Amino acid sequence: MPQDTDDQLIAMAGMTQAVQLIQTLAYEGRVADSQALEASIGSLFAFDAPDTASIYGGLSGVRFGMRRLTELLAGKSREPRDLELTRYLVTLFAVTKAFRRDDDMAGKLFSRLEELKPAFDQHGADSGLMADLNNLYRSTLSNLPQKFVINGEKHHLEDMAISSSVRGLLLAGVRATILFDQVGGRRWRLLFQRGKYLARAEELARRL
């Protein structure tokens, strides 16, 4: 398949990685893969990456998401959490579409990310940065008419550290969804060319 398909799969893996990390945090109160979380949050600050993979620090940055995406594309499981993950991905498309219509919000979010980049470069995705991203989400995406509804255990969702990580990852999910569109991705292709995407995703996953 053409190179842009690899770029689209990397972006889709980024989307899947973000929502899978969110789901595990919400139900289990733990980070499923710390490298994946660091790469996903890092994508928010990759303003001038030379290629798509570099947004995540290389293809290995979406290893976790690519493997999960492959499972979803294969459609072998109809477990409630798999269906929920698919719902989260559909919601990402809806929220991102609304976000891209609001130029003022986009400008505000980008400016704030520029301000936060030195903190990420110095300390990574630490608790202070996640708290700042939480506040950024609350002042931007939470004001859109489309809302994310995250399911999970109440005591985890009410934990400030976990809820901050969830909102930071939602920002990363929107970033990946924008990237998917930028590299030529279209939702209808995922439906009608699913087999081709799956075959290539499996190939990429084997390299990781």
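1. Read along the sequence, the chain follows the pattern α-α-α-α-α-α-α-α-α-α. The protein has 10 helices and 0 strands. These features belong to a predicted model.

2. On overall dimensions, the C-alpha atoms fill a box of roughly 40 × 40 × 30 Å along the principal axes.

3. Of the 208 residues, 50% count as buried. The protein exposes about 10,100 Å², and carbon and sulfur atoms supply 49% of this area. Among contacts with a separation of 6 or more, 80% are between residues 24 or more positions apart.

4. Is Leu113 buried or exposed? This residue lies in helix α5, which covers residues 103-123. Leu113 counts as buried because its relative accessibility is 4%, and buried means under 20%. Leaving aside residues up to four places away in sequence, Leu113 touches Leu44, Phe45, Phe47, Leu133 and Leu136. The C-alpha atoms of Leu113 and Leu92 are separated by 19 Å, and the two residues are 21 residues apart along the chain.

5. Which residues make the nonpolar surface patch of about 420 Å²? The patch is made by Trp188, Leu191 and Phe192. Trp188 is placed in helix α9, residues 187-192. With 45% relative accessibility, Trp188 counts as partly exposed, because this class lies between the limits of 20% and 50%.

Note on methods. Residues numbered from 1 in each chain as written. Predicted model: local features only at pLDDT ≥ 70, side-chain atom pairs only at ≥ 80, totals over all residues. Heavy atoms only, no water. Patch = residues over 30% accessible without salt bridge, like charges linked within 9 Å, V, L, I, M, F, W, Y side chains within 5 Å. Areas by Shrake-Rupley, 256 points an atom, 1.4 Å probe, with all protein chains shown as cover. Salt bridge = Lys/Arg side-chain N within 4 Å of Asp/Glu carboxyl O. Helix = DSSP H or I, 4+ residues; strand = E, 2+ residues; numbered from the N terminus. Buried < 20%, exposed > 50% of the residue type's maximum accessible area, 1.4 Å probe, protein only. Contact = heavy atoms within 4.5 Å.
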